[in-house]
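Hi there,

Here is the structure I promised to pass on. Have a look at it first, and my notes follow below.

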Amino acid sequence: MAYHFDFGSILDYTPVLVKGIAITIELIAIGAVIGVGVGIVCAWARSFGPKWLRPPVSAYVELMRNTPFLVQLFFIFFGLPSLGVKLTEMQGAIIAMVVNLGAYSTEIIRAGIQATPRGLIEAGASLAMTPLQVFRYVILKPALQRIWPALSSQIVIVMLGSAVCSQIAVEELTFAANFIQSRNFRAFETYFIVTGIYLLLSILLRQVLRSLGWWLFPKKVAR
Amino acid sequence: MSDFSTWDILRNLLLAARWTVLLSLVAFICGGIFGLIVLMLRTGRSAWMRRCAMGYIELFQGTPLLMQLFLAFFGLSLVGFNVPAWLAAGLALTLWTGAFLAEIWRGCVESIPKGQWEASSSLAMGYLQQMRYIILPQAFRVAIPPTVGFSVQVVKGTALTSIIGFVELSKASTMLTNATFAPFTVYGFVALIYFALCWPLSKTSQALERKLNVAHHGH
């Protein structure tokens, strides 16, 4: 029996798809901003922070980088409530994305910080800047500029990884796909179209991050 | 309902971890072979084959692995097979791994000086001969650390196959949670088992990178 493709039946569910896309974008927007923030703080802690702070930060980074996102998500959403921490699906998903991206961006940003020429830091200190000012104005900005492409790809990877959040019933794009295919029984067509949407989203996100890079760092940095 | 001791939980998880290891190995080996073919097309002489390989890599790097698993699972059953989950999982992971490895290795091939291509070309070597005898042996050295590093992503990627019903470590943990109502313990153990699998690979990759870098600066 020949199979007849029917992509039209998905059009009836456009509002569901649009809502899914909106939530996926919401997840990655919040996750990326806070996640990179966590990365900056942890990168500071690993490079300049007090000695006692370094081992726990390293442990956090290694643990997150060497376990699957799915398990992190399940641990946070299903495991933490037994410690009395109750989260909504959305909170669980965002926390999982933040801790995941935070660990990866710590490593990426730290690499950028390590490439700072020693003389720059000394020059900053000789201008009577406090260590925090030196970090903020002299070290961090050029470091972020150096590693911006790597950080952008990591953010795209985390966006694609957010598909897994459907497993804890966050109503993002993959959840929408599962919902639609359970109604119209057109699994292949539905996933095919949603895969295409993800491809467009990742191309779009890459473009947005590139433009953001141009806007944030208009001047060339010394390498 | 039967009672599970902590040891029972751990024992069952370790049994399931065998499938994670097996699937990772299959995906990595098949993906490596497939990635090599894509690499050949990507760096080859024919322009449209290069474009095809580029499109393939873009497609698999720009979409979630979970979607690829769903498409393999439901797509294969359209063709008329009654697909077991392990087959769909193996296929999707192979294609995904192949795309990433091809792109990693392309960087390594491009790091070989152009003169090597020209010299071997002047010796009347064909593309395959150049690759086989001149380029790949040199690129191999550069390629080892990032390839070992990527194997960590493959191991972690296998966790997603639980969603299409392949019973490996993650699926077993969900099943155990449903039986024991102890998600904190179960997922804690699972995270530790994945960590025990991945961390040595990460460390090996870093050590190799450092070793090769030192050798490089030594010249």
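In which helix of chain B is the place of B:Ala27? B:Ala27 sits in helix α1 of chain B, residues 6–43; helices here are DSSP runs of H or I with at least four residues, strands are E runs of at least two, and both are numbered from the N terminus.

A word on conventions: this is a predicted model, where local features need pLDDT of at least 70 and side-chain atom pairs count only at pLDDT 80 or more, while totals for chains, interfaces and linings use all residues. Residues are numbered from 1 along each chain as its sequence is written, and chains are lettered from A and ligands numbered from 1 in the order in which they are written.

Back to B:Ala27. This residue counts as buried because it has 26 C-beta neighbours inside 10 Å (buried takes 20 or more other C-beta atoms within 10 Å, with C-beta atoms placed from the backbone). Leaving aside residues up to four places away in sequence, B:Ala27 touches B:Gly90, B:Leu93, B:Thr94, B:Thr97, B:Val154 and B:Thr158; a contact means C-beta atoms, placed from the backbone, within 7 Å. B:Ala27 and B:Val190 are 163 residues apart in sequence, and their C-alpha atoms are 21 Å apart in space.

Chain B as a whole has eight helices and zero strands. Its C-alpha trace spans about 75 × 50 × 25 Å along the principal axes, and buried residues make up 38% of its 219 residues. Of the contacts in chain B between residues at least 6 apart in sequence, 77% join residues at least 24 apart.

Now the core. The largest nonpolar core holds 119 residues, and A:Leu73 and B:Leu69 have the most contacts inside it (such a core is a set of buried Ala, Val, Leu, Ile, Met, Phe, Trp, Tyr and Cys residues joined through C-beta atoms within 7 Å). Not counting residues up to four places away in sequence, the residues that B:Leu69 touches include B:Ala88, B:Ala92, B:Leu160 and B:Ile164.

Last, a helix pair in chain A. Helix α5 (residues 118–126) and helix α6 (residues 131–161) of chain A pack at an angle of about 140°, with axes 10 Å apart; axes are lines fitted to C-alpha atoms over the stretch in contact, and angles run from 0 to 180 degrees between N-to-C directions. A:Leu120, A:Ile121, A:Gly124 and A:Ala125 in α5(A) meet A:Val134, A:Val138 and A:Ile139 in α6(A).

Best wishes

Technical notes. Buried ≥ 20, exposed ≤ 12 C-beta atoms within 10 Å, placed from the backbone. Contact = placed C-beta atoms within 7 Å.
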